[in-house]
Amino acid sequence: MAYTVSPAPSVPVGPQYCVCKVELSVCGQNLLDRDVTSKSDPFCVLFMEVNGKWTEIDRTETAVNNLNPAFSKKFIIDYRFEEVQKLKFALFDQDKSSMQLYEHDFLGEFSCTLGTIVSSKNMTRTLLLGNGKPAGKGMITISAQELSDNRVITLSMAGRKLDKKDLFGKSDPFLEFYKPGDDGKWMLVHRTEVIKYTLDPVWKPFTVPLVSLCDGDVEKQIKVVCFDYDNDGGHDFIGEFQTSVSKMCEAQDAFVVEFECINPKKQKKKRSYKNSGIIIVKSCKITRDYSFLDYILGGCQLMFTVGIDFTASNGNPQDPTSLHYINPMGTNEYLSAIWAVGQIIQDYDTDKMFPALGFGAQLPPDWKVSHEFAINFNPTNPFCLGVEGIVQAYSSCLPHIRFYGPTNFSPIINHVARFASQATQQESATQYFILLIITDGVISDMDETRHAVVQASKLPMSIIIVGVGNADFAAMEFLDGDNRMLRSYTGEEAMRDIVQFVPFREFRSAPKETLAKAVLAELPQQVVQYFKHQNLPPINSEPA
């Protein structure tokens with residue numbers, strides 16, 4: 001076992017990537033007993049594969065004299081959806097106080113990806129020895145939990161009979177919210193809009209993360225300050241009060257909570273001073289702002305389908321200049337794209353059975369053109385087992401079809417949309433469909449494709465298009481609505497951007513991981529955006 005010890009790798013991560021912290025809990029069952037006079041004293045070491053080497057990330061405490069340990073020390077890892085994060089959990093029986101692992105007896109190990117763990121949430125597997133055989137009856141259980149407070153608070157505020165501060169008119173009030181900082185000073189968290197010319201303002205409802213407002217502690221004191229806006233920035237102080245989120249949350253339905261807005265200077269000067277007006281909390285609601293990982297941990301499956309372009313413009317697959325020619329290394333641009341995307345997504349589908357479809361070819365025995373055929377030639381069961389199964393079916397079908405045309409996308413998009421439409425009837429966040437289309441050229445049925453994409457934007461579905469070869473891909477950029485929302489030929493606008501286009505030529509000389517990152521960068525937010533729009537929380541989610 002080639003184990004190396006080094007600090008956890010720091011990887012520069014752009015804001016577009018899905019990065020959050022995941023806590024992994026580890027338990028062992030029926031571990032090997034390596035001690036003669038007592039039971040083993042196990043500890044668990046977590047390794048991550050970095051540049052092809054197993055690098056130690058962290059280790060648990062030692063559970064003394066225990067073959068069924070539940071380790072209290074948790075492993076905390078940055079989760080990156082668009083990367084394959086390979087992990088290894090190795091258990092050892094502590095014999096000495098040495099930090100060197102070869103000084104301790106090996107009890108078994110288990111390897112998998114972080115994606116597999118989070119898509120299972122809780123998994124139990126057999127521990128293996130170095131020779132690949134089971135470590136007795138030893139098992140390991142790994143549980144995953146996202147480390148984040150995803151609660152948000154929505155407040156509706158108003159004022160009544162605030163002090164008049166302007167000489168020739170009423171006040172222009174706004175509110176500022178503060179929480180105590182680590183240095184003991186008040187720290188500004190939120191500022192409302194200004195309501196002009198009124199002593200009885202009603203501010204627009206606003207939403208902020210609960211962590212921002214009170215560090216997630218609903219009992220923590222916060223300060224609310226009311227000012228009269230002045231153009232020169234010298235805003236006039238009207239008054240203030242202190243409260244907590246739990247107090248403000250008493251405002252529910254028709255019941256409001258009121259606070260006296262106090263100006264301490266006026267209060268000291270005048271015995272008759274009551275207040276400088278009333279600030280009203282009309283409603284206060286705490287909800288959860290669910291993340292991509294919340295949906296995955298909740299059991300949402302990513303359903304992966306591949307659509308492959310077999311039109312004549314690709315060239316004869318026997319010819320080395322063809323985009324479908326499989327080189328001596330056993331690959332081509334189509335296979336590279338399938339591997340890059342498939343190896344990430346397959347972790348999020350428990351049965352790992354993926355439909356693989358082709359379009360633009362003539363099929364035996366009557367050589368009719370098809371724009372929606374199973375590449376395993378089994379129309380009733382187009383599923384392939386894992387990415388390897390797709391690759392195998394692709395290689396096998398090449399000699400048996402004739403490349404033809406035209407390049408029609410809409411049949412395959414509509415094919416996947418039918419299944420996504422069925423998933424909406426469950427009214428829960430259980431499935432999200434991903435269609436990978438790999439193509440070499442210009443779309444022939446652009447109007448129908450635009451219409452199909454606009455309809456699919458209403459469904460739990462995303463489309464990834466990888467353009468291979470050196471064709472003009474302007475039409476693909478048009479479908480990828482990053483700059484403007486796509487419209488159907490009927491004028492109907494897409495509900496959301498669900499297409500991500502990437503030209504393979506930009507990644508030919510880059511590591512294969514780079515293509516996966518670019519292709520999958522937008523997917524987590526597309527999944528969250530759809531389920532939020534449908535008002536669907538993750539399955540088994542906890543109330544806020």
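Of the 544 residues of the chain, 51% count as buried, meaning under 20% relative accessible area with a 1.4 Å probe and protein chains only, where exposed is over 50% and partly exposed lies in between. This is a predicted model, in which local features need pLDDT of at least 70, side-chain atom pairs count only at pLDDT 80 or more, and totals for chains, interfaces and linings use all residues. Residues are numbered from 1 along each chain as its sequence is written, and side-chain values use heavy atoms, without hydrogens or water.

The chain has 12 helices and 27 strands. These are DSSP runs numbered from the N terminus: helices are H or I with at least four residues, strands are E with at least two. Contact means heavy atoms within 4.5 Å.

| Property of the chain | Value |
|---|---|
| Accessible surface | about 25800 Å² |
| Separation of the mean positions of positive and negative charges | 7 Å |

Carbon and sulfur atoms hold 51% of the accessible surface, computed by the Shrake-Rupley method with a 1.4 Å probe. The charges number 53 positive and 65 negative. Lys and Arg count as positive, Asp and Glu as negative; His and the chain ends are not counted. Each charge is placed at NZ of Lys, CZ of Arg, CG of Asp or CD of Glu.

Among contacts with a separation of 6 or more, 71% join residues 24 or more positions apart.

L363 lies in strand 20 (residues 361-363). L363 counts as buried because its relative accessibility is 14%. Leaving out residues up to four places away in sequence, L363 touches K368, S370, F373, F377 and I401. M303 is 60 residues from L363 along the chain, and their C-alpha atoms are 27 Å apart.
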